[in-house]
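Please look over the model shown below, and read the report that follows alongside it.

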Amino acid sequence: MSEETRRILLVEDEKAIRDAVVAYLERERYSVVAVGDGQEAIDEFARQEFSLVILDLMLPKVQGDAVCRSIRERSDVPLIMLTAKSEVEDRIIGLEMGADDYLVKPFSPRELMARVRALLRRSSISTETSGEQMEFGRLHIDIPGHKVSVSGTEVELTTSEFKLLVTLATSPGRVFSRMELVEKVLGYDFEGYERTIDSHMKNLRAKIGDDSRHPIWLYTVHGVGYRFETSSGQR
Ligand code: CA
């Protein structure tokens with residue numbers, strides 16, 4: 001979808017918030033489809049293509065988490081979750097359901113617009129770099145060849161470390177919870193194994209020469225998990 005025709009699905013049952021967000025989005029020349037309950041959201045998403053979804057968690061008919069799962073079954077469209085609660089747990093739940101980002105109410109529409117722009121930018125970056133060869137400054141990843149090199153020197157990674165790096169690097173900027181990484185990297189779903197991701201991450205950082213306190217590529221998201229950044233990889 002081109003820049004001018006970016007269509008956003010907004011799912012929010014509180015009319016005042018919905019109207020305010022629609023006004024802001026339209027001012028920035030996005031095309032908006034706004035609906036007020038979860039079932040309408042699922043129907044609308046099946047009917048047409050969207051560049052991004054803004055989804056309230058507490059909704060009539062079908063709850064936001066169920067809508068999110070339904071969307072994720074068919075699409076990896078960028079998705080921002082709106083949540084009324086501020087507890088870290090709720091944010092993590094949002095991310096584990098497959099949301100890319102979240103905002104806690106009450107939020108400023110300006111902040112939401114900034115997140116929308118950032119996510120749309122990220123999704124265009126990840127399209128460019130989702131090929132079989134990825135280059136992030138000094139870091140080169142050859143997916144079919146299972147090879148990683150830093151400044152031209154090949155780095156020996158275990159299968160788990162390689163999967164961890166590729167999972168993060170193919171979605172730059174997206175925050176992955178430890179639980180998600182356990183599922184994607186280790187292939188099983190068991191809470192006790194979340195900390196093993198930390199060990200893999202520690203080894204991976206040491207091997208590619210990244211530093212957790214001053215990261216170039218691999219960032220810790222405190223209380224949640226990890227994300228990969230491309231912008232600073234040019235150093
Ligand atoms: Ca609501």
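## Overall architecture

The model is a predicted one, and its protein chain contains 8 helices and 12 strands. Of the 235 residues in the protein chain, 51% count as buried, and the accessible surface comes to about 11800 Å², with 48% of that area belonging to carbon and sulfur atoms.

Among the contacts in the protein chain with a separation of 6 or more, 55% are accounted for by residues 24 or more positions apart.

In soluble globular proteins, nonpolar side chains tend to be buried together. Here the largest nonpolar core has 27 residues, and Leu139 and Ile141 are those with the most contacts inside it. Two or more residues are given to this core by each of strands E6 (133-136), E7 (139-142), E8 (147-150) and E12 (225-228), and likewise by each of helices H6 (159-169), H7 (178-186) and H8 (194-208). The largest share, 6 residues, comes from H6.

When neighbours within four places in sequence are left aside, the contacts of Ile141 include Gln133, Met134 and Phe136 on the one hand, and Phe162, Leu165, Val166 and Ala169 on the other; Glu132, Lys147 and Val148 are also in contact with Ile141.

## The calcium site

The calcium ion has as its protein donors Asp13 (OD), Asp56 (OD) and Met58 (O), which lie 2.1 to 2.3 Å from the ion. Along the chain, these donors follow the spacing D-x42-D-x1-M. Because Asp13 lies in the loop between strand E1 (7-11) and helix H1 (15-27), while Asp56 belongs to strand E3 (residues 52-56), the pair ties together parts that are 43 residues apart in sequence.

What is the relative accessibility of each of these two aspartates, Asp13 and Asp56? Asp13 has a relative accessibility of 33% and therefore counts as partly exposed, whereas Asp56, at 2%, counts as buried.

Ser171 is found in the loop that lies between H6 and strand E10 (176-177). With a relative accessibility of 22%, Ser171 counts as partly exposed, because buried means under 20% relative accessible area.

Although Ser171 and Glu229 are 58 residues apart along the chain, their C-alpha atoms are separated by 8.9 Å in the model.

Note on methods. Residues are numbered from 1 along each chain as its sequence is written. This is a predicted model: local features need pLDDT of at least 70, side-chain atom pairs count only at pLDDT 80 or more; totals for chains, interfaces and linings use all residues. Side-chain values use heavy atoms; hydrogens and water are left out. A nonpolar core is a set of buried Ala, Val, Leu, Ile, Met, Phe, Trp, Tyr and Cys residues joined through side-chain atoms within 4.5 Å. Buried means under 20% relative accessible area, exposed over 50%, partly exposed in between (1.4 Å probe, protein chains only). Helices (H or I, at least four residues) and strands (E, at least two) are DSSP runs, numbered from the N terminus. Contact means heavy atoms within 4.5 Å. Donors are N, O and S atoms within 2.8 Å of the metal (3.2 Å for Na, K and Ca); water is not among the atoms, so sites may look incomplete. Accessible areas come from the Shrake-Rupley method with a 1.4 Å probe; for residues, only the protein chains shown count as cover.
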